[in-house]
Amino acid sequence: MIDYVKYRIPITALLAIVLLAGVYSYGKMKSDLFPDVTFPKVKIIAENGQQPVDKMMLTVTRPLEEAVKRAPGIRNVRSTTSRGSAEISAFFDWTTDIDLGLQRVESLINQITLDLPPGVRLTIEKMNPSILPIAGYSLEGNLSQIELKDIALYTVKPFLSQVPGVSEVSVSGGKTKEYHLILRPQRMSALGITPQVVDSVLTQANFVSSNGYLQDYDRLYLTLTDAVINDLYDLQRTVIFASAMRTVRVEDIADVVITSQKEYVKIKANGQDVPLVAVTKQVTANLIQVADSLETKVAALNALLPRGVVLRPYYQQADFVRDSVRGIEDVLWIGLGLAILVAIVFLRSLRSSLVLLITIPLSLSLTVAALYLLGYDFNIMTLGAIAAAIGLVIDDAIIIVEQLHRSHEEEPDKPASELVSKTIDYLFPAMVGSSLSTIVIFIPFVLMTGIAGAYFRILTETMIITLVCSFVITWVGLPVVYLLLNARRRGKAEEEIKTVGEKHWVKTVIRYPFFSILAVVLLGVVIYLVAPRLPSGFLPELDEGSIVLDYNSPPGTSLEATDLMLRQVDRILDSIPTVVSYSRRTGTQMGFFITEPNRGDYLIQLSKSRKLSTDAVSSQIRQRVEAILPALTVDFGQVITDMLGDLMTSVQPIEIKVFGSEQRVLDELSRRVAAVVEGVRGTADVFDGILIAGPSVTIDPDIALLEGYGLSAADFQFQLQTQLEGTLEGGIPELNQVTPIRMIYPNSSRTTVSDLRGATIFTPRGRLLPLERFGSVTVEAGTAEINRENLKSMGVVSARLSGRDLGSTLADIRAGVARDISLPPGYTIEYNGEYAQQKQAFSELLQILVLASLLVFTVILFLFKRFGVALLIVLLAVLGAAGSLAALYFTGTSLNVGSYVGIIMVIGIIGENSIFTYFQYAENRLTEGRDEAIVYAISTRMRPKLMTAIGAIMALLPLALALGTGAQMHQPLAIAVIGGLGVALPLLLIVLPSLLKLIEKE
């Protein structure tokens, strides 16, 4: 063993280095909300103009699905096909290298590129937590929307892109400047000029091109033909047709104006039409550092912007991360202070309590340094793990300090230097066994998969590191700290000797083991009865203080009409005091998604000083919106929660998939399932999954007739597009940009179906003929989006939870579906969302619970070499779960992954404390009888047991009360551990001695 007296100075220096290393690492470690976890998901977005849904499915989605499905490691392929776009999600196994998976997907898609329709645009990205912005700003001012967007694009974006760690600065909203050639059809017809002629002239005239080099007097010159249109005047004066009799210029056949591009997306912030600037960080960047740098950069930028123009933040993820990290740090230190206060009360010795006050920060310093060296960062999981492990860390230190303190009480004549070595030599085997019993319970978590495994494995790994560091400091550092604080204390023979008083009640307990056996049975009954009645969930919830409101107006609703509806939502948000700011997107959404023009989302930021929870504010907004806008479908969530859902298979907690072959039947079944879900208590934002793309107008040309007039189908389509959308005719170079030139008909944005039927088409000679002569015009109803999974069509019904747990809500939904829905042959229903992930996680956690118990059993068996003793201790450890379940039940806390981890921790804690008790008994048994040894062991270990249990409870109490923002994530875990510790005391002080007497020989 270590000679603490001899090596006191070197160890003290080493402890000082540990403390400095911890402080240094603390300043260097980056902070983020969640660990940097790479999700096994690749998303492919395909865009192909405005192709009909069914054609898009056949020509684009299906070939892409079949190609992606061949990638090794693919677990699931889901797709959504809409009008002109398709979104395909490829899910790999969690063990797959996602970078390699991305390369394989890209390679397989490249192999079929030639089989896809010409012009298809593909975007392929791997999904990670950085897909959403960390900060959002609105650019507000008294300038036009065109000017504001130009400032956002060419001033704000480059300026913010200079911030280290920024991955992308994207600008949305505002208006894009364009030059419009508004044609005069009658004037053109009189001159015999067609749109194709204008297009040909502008395409051939507006260019700059090299003619080659020439050499003159030893100099080499590059020759250029510059026919570029430089400004509005040049465009107006461009010659369309020239002859000896007449010259026709653009200004003769069109009105040339500077205007804005037609909007298919509308962006607003706080009710105003403004450009939005979103900042995304690099995956490995420190969120807090990036946010601080952005704040400084924005302040500098606002001083440079034109007068009256200001960049205002509407979303700052760093605020929530700061609050979460700071909240868990506060919880950690409050808990630590309360635990040390417990030690002071029990030991009534300032010196002994100071040992704890110094040792625990040393353990934390070594932990932080180890985490830094191993590449971890500060996030809600690592900090939560340290806060949750504080109870276990304090256990080790308290047991040693209490033993040292008691040794001094029993042998006051001996100096501290002699007592330290004797105490550590005596306790070392039990220290190793108890530390191992708490460490090994976390080893089986390597078996956990999915999102729960990805995050909670980080938590358990951090706990293992914390406990190992705690053991090292307790073994090496604590005795030296004790020596330093007691350096002047010399042995005094005249000092009163204090011995452990025999607890007479222990004799009574072991004399009547019936009551202990009855307690074991009752705890087993509690587990049997309470476990099925607990509310259940998946991951613990966070109150982020920000709301994502997704909305759909009725299919086919125009952008302007949707905006008119949403102005009422804006007024509702303006009237709610807890809403600090909000931004709105229509025709697009946050993240990497496809949308129709009648869909979009709000990002709503709430006040930090609000009294209502985020869910309560969401319910308030939902009720008011549904009361005045029943046609608007709304869906509420939180930013980070939705982000995690987007990274997984489903955004919603409840997702029901209906599989079949015929889309009409799937839609009908989806409506019926949605009706059942809507009737179940505890559901909200129920959606049947049927998204209708707006109605379409189909023009079916008579090809033969067109050919007779010298027109091709392409000519016909070109003229129609010019009338409605306009056609791009190059651009005019200006400062920082090339402004597009668009040729278009007058009043194109107000063209109705009736106007289209009455439209005219140019013949090659400039004659205007009615469009209906060349083809029929029919109006068709909108077509539903097509959802597929693994090449099979499906309907997807989704819902959120409102005031009820996931498990019981799903049980009622399943019962209702089984009762009310009769499936045709070949149609099946599957339950997905958080429910499927919860089911998988609980199955894995049950295996982990069994393995953890077996590992604790193995540690005890190796330590004491007694099968019966190991079995007894593990039995008591498992019975401690009764206290955890009861605590969850009475506090209304759901059984989720976090609380399940807490139950597993209780097994290790009870095993750890039992080891010290039996170790004390085994030592006394060498010189005393069975009963006397049991009584002495319980009497001796009673004070440290009370100190460790109450100290651990006090350390976890701030976490259980969720005093900090981020503490909500670990509240279920803390409640479960506190409940287990409450039951652990009677188990260790009453049940253990009684049953020990039964298995030990006289």
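1. Two rings of Phe, Tyr or Trp are counted as a pair if their centres lie within 6.5 Å, with planes over 60 degrees apart called edge-to-face and planes under 30 degrees apart called stacked, while the rest are tilted. In this model, which is predicted, there are 19 aromatic pairs. One of them joins Tyr-889 and Phe-890, whose ring centres are 5.5 Å apart and whose planes meet at 80°, so this pair is edge-to-face. Tyr-889 is partly exposed, at a relative accessible area of 40%, and Phe-890 counts as exposed, at 70%.

2. The rings of Tyr-918 and Tyr-921 give another kind of geometry, since their centres are 5.4 Å apart but their planes stand at 45°, so the pair is tilted. Both residues belong to helix α28, which covers residues 897–925, and they are 3 residues apart, or about one turn of that helix. Tyr-918 and Tyr-921 are both buried.

3. Aromatic residues also take part in other arrangements here. Phe-39, Trp-94 and Tyr-455 together form one aromatic cluster, and the ring of Phe-159 has the charged end of Lys-297 sitting over it, 4.8 Å from the ring centre.

4. If residues up to four places away in sequence are set aside, Leu-294 touches Ile-134, Ala-135, Tyr-137, Leu-160, Val-163, Val-166 and Val-279. As background for a reader new to the subject, nonpolar side chains in soluble globular proteins tend to be buried together.

5. An open sheet is built from 6 strands, which follow the order β14-β13-β18-β19-β17-β20 with antiparallel pairing. Its edges are β14 (272–273) and β20 (633–637), and each of these has a single partner strand, so one side of each is left without a neighbour in the sheet.

6. Within this sheet, β17 (residues 546–552) and β19 (residues 599–606) pair in the antiparallel sense over 7 bridges, and Asn-552 has Arg-599 in β19 as its bridge partner. Helix α17, made of residues 559–574, packs on the sheet and touches β13 (266–269), β17, β18 (579–586) and β19. The direction of helix α17 makes about 170° with that of β18.

Conventions. Residues numbered from 1 in each chain as written. Heavy atoms only, no water. Phe/Tyr/Trp six-rings, centres within 6.5 Å; stacked < 30°, edge-to-face > 60°. Buried < 20%, exposed > 50% of the residue type's maximum accessible area, 1.4 Å probe, protein only. Helix = DSSP H or I, 4+ residues; strand = E, 2+ residues; numbered from the N terminus. Lys NZ or Arg CZ within 6 Å of the ring centre and 35° of its normal. Contact = heavy atoms within 4.5 Å. Pairing = 2+ DSSP bridges. Axes fitted to C-alpha atoms, helices over the stretch in contact; angles between N-to-C directions.
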